[in-house]
Amino acid sequence: MEQIRQRIAVGDWAQGQEIPSIRQLAVTLRVSVITVKRAYLELEREGIIVTQQGKGSIVAPDSRLGTKLYDEELAKHIERVAQLGELLGLTPKELASRVEKATREAADRLTKEYS
């Protein structure tokens with residue numbers, strides 16, 4: 001399921017685009033059809049894909065979908081950063097300082113790339 005979310009989040013599969021059938025994706029990912037079917041059902045419940053009987057599945061045509069997926073991905077990474085900081089014994093202030101430094105460096109890199 002995370003692989004599907006990731007492909008949608010990075011734009012490999014655009015909004016409204018047909019996604020591989022359950023069988024095709026199972027073969028590609030080398031997982032069982034049941035695993036992919038469960039993932040599709042979960043993604044349907046979350047509103048990320050839409051499945052029409054006999055027509056296949058598409059990425060939901062929601063203009064906020066990309067932002068939603070990026071927000072979820074960012075939240076996971078932030079949680080992981082907090083866990084790693086705790087494992088390293090960093091204080092909240094030290095962790096915030098490192099995050100701030102990394103954010104500044106990334107912003108500087110992006111500014112140079114796009115200027």
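Trainee: Which helix does Arg7 lie in?
Mentor: Quick ground rules: this is a predicted model, so to speak of local features we need pLDDT of at least 70, side-chain atom pairs count only at pLDDT 80 or more, and totals for chains, interfaces and linings use all residues. Residues are numbered from 1 along each chain as its sequence is written, and side-chain values use heavy atoms, with hydrogens and water left out. Helices (H or I, at least four residues) and strands (E, at least two) are DSSP runs, numbered from the N terminus. On that numbering, Arg7 sits in helix α1.

Trainee: What is the relative accessible area of Arg7?
Mentor: Buried means under 20% relative accessible area, exposed over 50%, and partly exposed in between (1.4 Å probe, protein chains only). Arg7 counts as partly exposed because its relative accessible area is 35%.

Trainee: Which residues does Arg7 touch, not counting residues up to four places away in sequence?
Mentor: Contact means heavy atoms within 4.5 Å. With residues up to four places away in sequence left out, Arg7 touches Asp12 and Trp13.

Trainee: Is Arg5 buried or exposed?
Mentor: Arg5 lies in helix α1. Leaving aside neighbours within four places in sequence, Arg5 is in contact with Leu43, Glu46, Ile48, Leu69 and Glu72. Its relative accessibility is 9%, so Arg5 counts as buried.

Trainee: What volume does the largest cavity have?
Mentor: On a 1 Å grid over the protein atoms alone, a cavity is a set of points where a 1.4 Å probe fits but cannot get out, while a pocket is an open set with protein on both sides within 12 Å along at least five of seven lines; lining residues have an atom within 4 Å of a point. Grid points are joined across faces, edges and corners, and a volume is the space filled by probe spheres set on the points. By this rule there is 1 cavity of 30 Å³ or more. The largest cavity has a volume of about 40 Å³.

Trainee: Which helices each supply at least two residues of its lining?
Mentor: The lining of the largest cavity is Glu2, Arg5, Gln6, Ala9, Leu69, Glu72, Glu73 and Lys76. At least two residues each come from α1 (2-9) and α4 (65-87).

Trainee: What order do the strands of the open sheet have?
Mentor: Two strands pair if DSSP finds at least two bridges between them. Here, 2 bridges join β1 to β3, and β2 pairs with β3 (residues 56-59) over 4 bridges. β1 (18-19) and β2 (49-52) stand at the edges with a single partner strand each, so one side of each is left without a neighbour in the sheet. The pairing is antiparallel, and the order is β1-β3-β2.

Trainee: Which residues make up the covered face of β3?
Mentor: In a regular strand the side chains alternate between the two faces of the sheet. In β3, Gly56 and Ile58 make up the uncovered face, and the covered one is Ser57 and Val59.

Trainee: How long is the polar contact that the side chain of Ser57 makes with the side chain of Thr51?
Mentor: A polar contact is a pair of N or O atoms within 3.5 Å; within protein, one must be able to donate a hydrogen and the other to accept it, and residues adjacent in sequence count only if both atoms are side-chain atoms. Ser57 counts as buried, at 6% relative accessibility. Leaving aside neighbours within four places in sequence, its contacts include Ile19, Tyr40 and Thr51. For the side chains of Ser57 and Thr51, the polar contact is at 2.6 Å.

Trainee: Where does the largest share of the lining of the largest pocket come from?
Mentor: The largest pocket holds about 330 Å³ of space. It is lined by 15 residues, with Ile22, Lys37, Tyr40, Thr51 and Ser57 nearest its centre. α2 (22-29), α3, β2 and β3 each supply at least two residues. The largest share, 5 residues, comes from α3.

Trainee: What is the phi of Arg30 near?
Mentor: Arg30 lies in the loop between α2 and α3, and is exposed because its relative accessible area is 78%. Its phi is positive in a residue other than glycine, near 55°.
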